[in-house]
Amino acid sequence: MVFNRGPRAFIYESFQIIRKLATYGHPFQSITHSAVDTISLKIAILTTLQRCLATFLAQVYLEVNKFGELLIADPDKSLLPLLAAIDNLFCKLEASISHPSEIYNLNNDSLSMGSGNSCALLFEKLPNMEHVETHWTDTEIRDSTSLIHQNLQRLDSYLSFMLSSCQKPNRMTLYWLRYTCGAVGLSACSFWVLRHSSLMGSSDIDNWIRTAKESTTAFWEEHVELPLISIRDELFETFRKRHKGVMEMEEVQLTANSLHRMLLAFSEQTKGQKLPENLTDQEMMEIVMSRYEKEVMHPLQNLIGGELARAMLIQIQKLKLDLETAMLELDQILKANEINFAVLAALPAFFISIILLYLVRTWVLQDKGEEGRGRVARIRRRLLLVEVEEWIMQFQVSTEQGMEEDAAWIFGMMIYSLDLLCKAVEKNAKETHEWPRLRQDIIKLMKTEVQIDHKLAVISRMGRMYDCLLPYSKQR
């Protein structure tokens, strides 16, 4: 009430607080009562508007529904009574919307609407209503239709004024104090900058900019650019040095062939016969180890005159082959890490692609409002369906209790909710070719001759069968 209604209300409420303090009153209690009265008045006005408009909508729908088939069969006789009925409904709406004069003081910027200073809702009356049974010319029919359109425009202007008076203040009004402080701070900052600029003969700003530039450049080169270049050079130098492996396959094969010849010669000499060609190195190594175990029994004697030294050299050759094989496998593992470095370098691009795909998906789904394709849009459409079901049940209760006025505005709210549901599902239902059948179900819910139980069954079927109204988890 003090800070969020603009500078004029701020000055007025501040004056009232000071006056209450001077007279030993309770200023904050007075502000609280004023806020409660204002909110209560606006809620009452909006509630009355809702009831009047819903009742008017229901009555217009019933009249059009009553004369609909007659207009197709005999338009000359049915159009005039329909125009007369709609004109009568406008008169009833004009009489039902009667707000106290305080509403016109809620918005001091909107005291007039149309011509003059009156904000009252006044509709134009159709002429010659006492001669409805007579034949009207085409010009009179067009003038009457145009007059009804003008009344709708007057109603729209009146509602715009009422809503502007009752709605929440705009962002500029709500945060005017912040904006004012920001403007004052920006002005002071601009004056300070101007004072130290070259326009006033000072070189302070130029010196500060040069110092900041040098510091930023030095920080970038020392802590970002040079470390990155060092890492890059080290990686590429490592890759260049490792392009030629530590151990080549040809060297390992030479060692293996040499060991095979040594094992074959030692085994043939030990056995005293030529061995078969399919004998493996492992089998020949067993022969060598068996001979080695016998020679070790007398190491000094067999070292000089036996085969102990030769068996030891063969084992050293075998150890060399195992070592070279392990080094070859290690070299292959190191070369395989080049792929890991490449994958690591591609991770930023991968994350950027994921973000772009998410943005594209959000744009395609158009999850804003009830007409979108995403989860939020589906939830809103299903809530509209629940709202329609709630209005239908309230209409049934009001009808059974004989409350005709309540039933009329509840029926109007049901039509309004069905209109919102129709607009929300039309686009998606057309894409899945469900729109013709879904449209028939929506029209069926608006018919007064359809039983309430049948309408509730239709709503239950709509929530289960149509793709645009299914829950998000089931649709996936």
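Contact here means heavy atoms within 4.5 Å. Keep that in mind. This is a predicted model.

Start with α14 and α15. Helix α14 covers residues 435–446, and helix α15 covers residues 452–465. Their axes come within 10 Å. They cross at roughly 150°. Angles over 145 degrees count as roughly antiparallel, so α14 is roughly antiparallel to α15. The crossing of these two is left-handed.

Who touches whom? From α14 we have Arg437, Leu438, Asp441, Ile442, Lys444 and Leu445. They meet His454, Lys455, Val458, Ile459, Arg461 and Met462 in α15. Sort the residues of this α14 and α15 contact by class, and you get 6 nonpolar, 1 polar and 5 charged.

Stay with α15. It also pairs with helix α12, residues 375–400. The axes of α12 and α15 come within 10 Å and cross at roughly 170°. That angle makes α12 roughly antiparallel to α15.

On the α12 side, the contact uses Arg382, Leu385, Val388, Glu389, Ile392, Met393, Phe395 and Gln396. On the α15 side, look for Ile452, Lys455, Leu456, Ile459, Met462 and Gly463. The classes for α12 with α15 are 9 nonpolar, 2 polar and 3 charged.

Pick out Lys455, Ile459 and Met462 in your viewer. They are among the α15 residues that meet α14. They are also among those that meet α12.

Next pair: α8, residues 249–271, and α9, residues 281–296. Here the axes come within 9 Å and cross at roughly 55°. These two helices are therefore oblique to each other. Their crossing is left-handed.

Which residues make this contact? In α8, they are His260, Leu263, Leu264, Phe266, Ser267, Thr270 and Lys271. In α9, they are Asp281, Met284, Met285, Ile287, Val288 and Arg291. By class, α8 with α9 gives 7 nonpolar, 3 polar and 3 charged residues.

I mean the second largest one. How much space lies in it? About 360 Å³. Its lining has 14 residues, and the closest to the pocket centre are Leu53, Ala54, Leu57, Leu159 and Tyr416.

Where does the lining come from? Helices α2 (27–73), α4 (138–166) and α13 (404–431) each supply at least two of its residues. The lining of this pocket divides into 10 nonpolar, 2 polar and 2 charged residues.

To recap: α15 is roughly antiparallel to α14, and α12 is roughly antiparallel to α15. Helices α8 and α9 are oblique to each other.

How values were computed: Residues are numbered from 1 along each chain as its sequence is written. This is a predicted model: local features need pLDDT of at least 70, side-chain atom pairs count only at pLDDT 80 or more; totals for chains, interfaces and linings use all residues. Side-chain values use heavy atoms; hydrogens and water are left out. Axes are lines fitted to C-alpha atoms, for helices over the stretch in contact, and angles run from 0 to 180 degrees between N-to-C directions. Helices (H or I, at least four residues) and strands (E, at least two) are DSSP runs, numbered from the N terminus. Angles under 35 degrees count as roughly parallel, over 145 as roughly antiparallel, 65 to 115 as roughly perpendicular and the rest as oblique. A crossing is left-handed if the near helix is turned anticlockwise from the far one by less than a right angle, and right-handed if clockwise. Ala, Val, Leu, Ile, Met, Phe, Trp, Tyr, Cys and Pro count as nonpolar, Asp, Glu, Lys and Arg as charged, and the others, Gly among them, as polar. On a 1 Å grid over the protein atoms alone, a cavity is a set of points where a 1.4 Å probe fits but cannot get out, and a pocket is an open set with protein on both sides within 12 Å along at least five of seven lines; lining residues have an atom within 4 Å of a point. Grid points are joined across faces, edges and corners, and a volume is the space filled by probe spheres set on the points.
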